[in-house]
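Biologist: I am new to this model and would like a close look at one part of it. Please start with the pocket and then take in some of its surroundings.

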Protein chains: 2
Amino acid sequence: MGSISFEIHDHSVCTDKTMQEVDAYCETHKLQFTPIRRKVLTIMLEEHRAWGAYEILDRLRSEGQSAQPPVAYRALEFLVKHRFAHKIERLNAFIACTHPGQHHAPAFLICRSCEKVAEAHTEPSSGELGAAAEAIGFHIERTVIEAVGLCATCRDATTQ
Amino acid sequence: MGSISFEIHDHSVCTDKTMQEVDAYCETHKLQFTPIRRKVLTIMLEEHRAWGAYEILDRLRSEGQSAQPPVAYRALEFLVKHRFAHKIERLNAFIACTHPGQHHAPAFLICRSCEKVAEAHTEPSSGELGAAAEAIGFHIERTVIEAVGLCATCRDATTQ
DNA sequence: CCAGGCAACGTTATATCATTACATGGAGCG
DNA sequence: CGCTCCATGTAATGATATAACGTTGCCTGG
């Protein structure tokens with residue numbers, strides 16, 4: 001389960017593990033994990049939240065990288081295409097994947113208070129959506145499953 | 001089930017029924033279903049697909065209505081707030097609800113070929129997403145559930 | 001009646017998100 | 001070398017969405 005995003009944890013483990021997995025995957029699949037792409041993923045790995053493309057751009061600039069919009073969007077396109085990152089449609093923003101390399105249909109829990117995002121999983125063909133699709137002969141190619149609400153921590157803070 | 005969106009049907013029934021239901025709901029709940037709001041919903045009811053805000057604006061203009069962006073966005077905000085329409089996050093566009101007045105957690109099947117959109121339903125608390133949320137104490141307030149793919153008709157056309 | 005509040009609407013400007021188009025440069029390869 | 005391919009640099013623009021402020025019309029209490 002993706003609860004870790006909302007909990008205090010040794011985040012360097014998330015970061016290191018992901019970078020290693022992505023490195024390995026790119027090696028195996030002959031993908032160019034270039035400096036810009038690496039830098040963008042590193043930025044996104046800093047926190048379990050969604051990053052706007054222009055927010056990433058600002059970070060790139062502050063690190064001395066030249067950065068017009070296509071620079072960020074091209075890196076994000078690569079990362080999303082290979083499932084190293086996902087787009088959160090509700091936020092028009094992007095988040096690093098918590099277990100890259102595995103093909104999956106991600107689902108997200110977005111806390112509207114602390115803005116952290118947890119990645120969970122669904123079996124697209126099962127469940128109500130799959131049933132509805134099957135019933136009318138609709139062929140699902142991609143799913144967007146996002147829930148907005150309050151994580152346990154923020155909920156407790158509100159209730160006190 | 002929302003299969004009707006993808007099928008040939010007497011669409012005037014959809015339109016008339018929806019407008020009557022919205023009229024009744026607004027009457028009951030003391031909501032102002034003003035000419036602009038009515039016009040926007042009428043436009044959206046023309047087809048079972050998602051409409052961009054600027055597309056709606058163009059239609060308003062062509063009907064002689066003054067129409068700067070806030071005109072469309074304010075009408076859409078009203079319609080979405082009261083569940084007479086929904087936003088399709090994947091498309092950054094809006095669609096008329098197929099059964100207004102009932103509070104519900106809609107799910108959408110979006111055909112990438114004919115661009116029609118069907119509205120299905122989910123029980124947000126049940127299902128995998130609800131289970132994942134419950135497991136980590138996440139309180140869901142809103143869900144975005146959208147599937148992109150091919151409807152039966154377009155699929156058949158492709159296969160031949 | 002009329003003053004005040006309120007919701008909707010008109011309008012300008014601007015913020016935010018994303019892409020097109022074309023030029024440049026380096027790696028691999030015959 | 002000359003070619004192709006892919007990644008990158010950069011300018012311009014397109015597409016989506018909101019802020020801010022003024023105006024209008026209606027309702028309501030005094």
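Biologist: Which element gives the most to the lining of the largest pocket, and with how many residues?

Modeller: Strand 5 of chain B gives the most, with seven residues. Before the details, some ground rules. This is a predicted model, in which local features need pLDDT of at least 70 and side-chain atom pairs count only at pLDDT 80 or more, while totals for chains, interfaces and linings use all residues. Residues are numbered from 1 along each chain as its sequence is written, chains are lettered from A and ligands numbered from 1 in the order in which they are written, and side-chain values use heavy atoms, with hydrogens and water left out.

The largest pocket has a volume of about 430 Å³, the volume being the space filled by probe spheres set on grid points joined across faces, edges and corners. A pocket is an open set of points on a 1 Å grid over the protein atoms alone, where a 1.4 Å probe fits and protein lies on both sides within 12 Å along at least five of seven lines; lining residues have an atom within 4 Å of a point. Here the lining has 24 residues, and Val80(B), Arg83(B), His86(B), Arg142(B) and Thr143(B) lie nearest the centre. Two or more lining residues come from each of helix 4 (69-81), strand 1 (85-88), strand 3 (105-111) and strand 5 (139-150) of chain B. Helices (H or I, at least four residues) and strands (E, at least two) are DSSP runs, numbered from the N terminus. By class, twelve lining residues are nonpolar, three polar and nine charged. Ala, Val, Leu, Ile, Met, Phe, Trp, Tyr, Cys and Pro count as nonpolar, Asp, Glu, Lys and Arg as charged, and the others, Gly among them, as polar.

Glu115(B) is exposed, at 51% relative accessible area; exposed means over 50%, buried under 20% and partly exposed in between, with a 1.4 Å probe and protein chains only. Leaving aside neighbours within four places in sequence, Glu115(B) is in contact (heavy atoms within 4.5 Å) with His48(B) and Arg49(B). Its C-alpha atom is 9.2 Å from that of Leu150(B), 35 residues apart along the chain.

His48(B) lies in the loop between helix 2 (35-44) and helix 3 (53-62) of chain B. In contrast to Glu115(B), which is exposed, His48(B) is buried, at 13%. Residues touched by His48(B) include Ser5(B), His9(B), Cys14(B) and Ile95(B). With His9(B), the side chain of His48(B) makes a polar contact of 3.2 Å. Such a contact is a pair of N or O atoms within 3.5 Å; within protein, one must be able to donate a hydrogen and the other to accept it, and residues adjacent in sequence count only if both atoms are side-chain atoms.

Leu129(A) counts as buried, at 8% relative accessibility. Among the residues it touches are Ile140(A), Phe108(B), Leu109(B) and Ile145(B).
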